[in-house]
Amino acid sequence: MYEPIRSKSAHSTAGECDFPHRSREEELDIQLAGHLAALLAVTDELGLGAEAERIAEQVARLRGTAPLRHAGLTGADPAALHRRALALAGRALVVAASRADTAAAILSAERMDAHTAALRDTHLVGAP
């Protein structure tokens, strides 16, 4: 009447899986590279060439290959772009700090300061 289960359970533990898993550091590298790549796209949109090159270097270091660059301009409001860049730099800073990546953390903090200053200079801090 009773027949034993012959296949693996869908509820097996993680130790029994036979596909590769990424380490926490690898996951953080991927996340940091993603935030910096998004920041790079906004920085290119703002026309900040030297700053974009520094960000691209960090993305290349994390990914092992040069990032794709933002090809077209969207014509978005510069203040909105600075706010977006500020948010992305903040996210990158949090991840860089959690993985103890000093170079990326310093770059992110510098970008946050620059975008905050740009917003302050145009009196748009806190504007929607």
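Modeller: A residue is buried under 20% relative accessible area, exposed over 50% and partly exposed in between, with a 1.4 Å probe and protein chains only. This is a predicted model, in which local features need pLDDT of at least 70, side-chain atom pairs count only at pLDDT 80 or more, and totals for chains, interfaces and linings use all residues. Residues are numbered from 1 along each chain as its sequence is written, and side-chain values use heavy atoms, with hydrogens and water left out.

Biologist: Why is Gly72 called partly exposed?

Modeller: Gly72 has a relative accessible area of 36%, which lies between 20% and 50%, so the residue is partly exposed. Gly72 sits in the loop between helix 2 and helix 3 (78-98). From Ala41, 31 residues away in sequence, Gly72 is 9.7 Å away in space, C-alpha to C-alpha.

Biologist: How do you know how the span of helix 1 stands to the expected one?

Modeller: The expected span is 1.5 Å times one less than the number of residues. Helix 1, with 23 residues, reaches 33 Å from its first C-alpha to its last, close to the expected 33 Å. Helix 2 (residues 49-63) has 15 residues and reaches 21 Å, close to the 21 Å expected. Helix 3, with 21 residues, reaches 30 Å, again close to the expected 30 Å.

Biologist: Why is Leu39 called buried?

Modeller: Its relative accessible area is 1%, under the 20% limit, so Leu39 is buried. Leu39 belongs to helix 1.

Biologist: What is Leu39 in contact with, leaving aside its neighbours within four places in sequence?

Modeller: Contact means heavy atoms within 4.5 Å. Leu39 meets that condition with Ile55, Ala85, Leu88, Ala89, Arg111 and His115. Ala87 is 48 residues from Leu39 in sequence, with 8.9 Å between their C-alpha atoms.

Biologist: How do you know which way helix 1 and helix 4 cross, left-handed or right-handed?

Modeller: A crossing is left-handed if the near helix is turned anticlockwise from the far one by less than a right angle, and right-handed if clockwise. The crossing of helix 1 and helix 4 is left-handed. Helix 1 (residues 24-46) packs against helix 4 (residues 102-121) at about 35°, with the axes 12 Å apart. Axes are lines fitted to C-alpha atoms, for helices over the stretch in contact, and angles run from 0 to 180 degrees between N-to-C directions.

Biologist: Which residues of helix 1 and helix 4 meet?

Modeller: From helix 1 come Leu32, Leu36, Leu39 and Leu46, and from helix 4 Ala104, Ser108, Arg111 and His115. By class, this contact has five nonpolar, two polar and one charged residues. Nonpolar covers Ala, Val, Leu, Ile, Met, Phe, Trp, Tyr, Cys and Pro; charged covers Asp, Glu, Lys and Arg; polar is the others, Gly among them.

Biologist: Which residues of helix 2 are buried?

Modeller: Ala52, Ile55, Ala56, Gln58, Val59 and Leu62 are buried. Seen down the axis of helix 2, these buried residues fall within an arc of 160°, so they line one face. The arc is that of the directions from the helix axis to the C-beta atoms. The face turned away carries the exposed residues Ala50 and Glu57. Helix 1 and helix 4 are among what covers the buried residues of helix 2.

Biologist: Why is Val94 called exposed?

Modeller: Val94 has 58% relative accessibility, over the 50% limit, so it counts as exposed. Val94 lies in helix 3.

Biologist: What makes the phi of Ala100 worth a remark?

Modeller: Most residues other than glycine have a negative phi. Phi of Ala100 is positive, near 55°, in a residue other than glycine. Ala100 is in the loop between helix 3 and helix 4. At 63% relative accessibility, over 50%, Ala100 therefore counts as exposed.

Note on methods
Helices (H or I, at least four residues) and strands (E, at least two) are DSSP runs, numbered from the N terminus.
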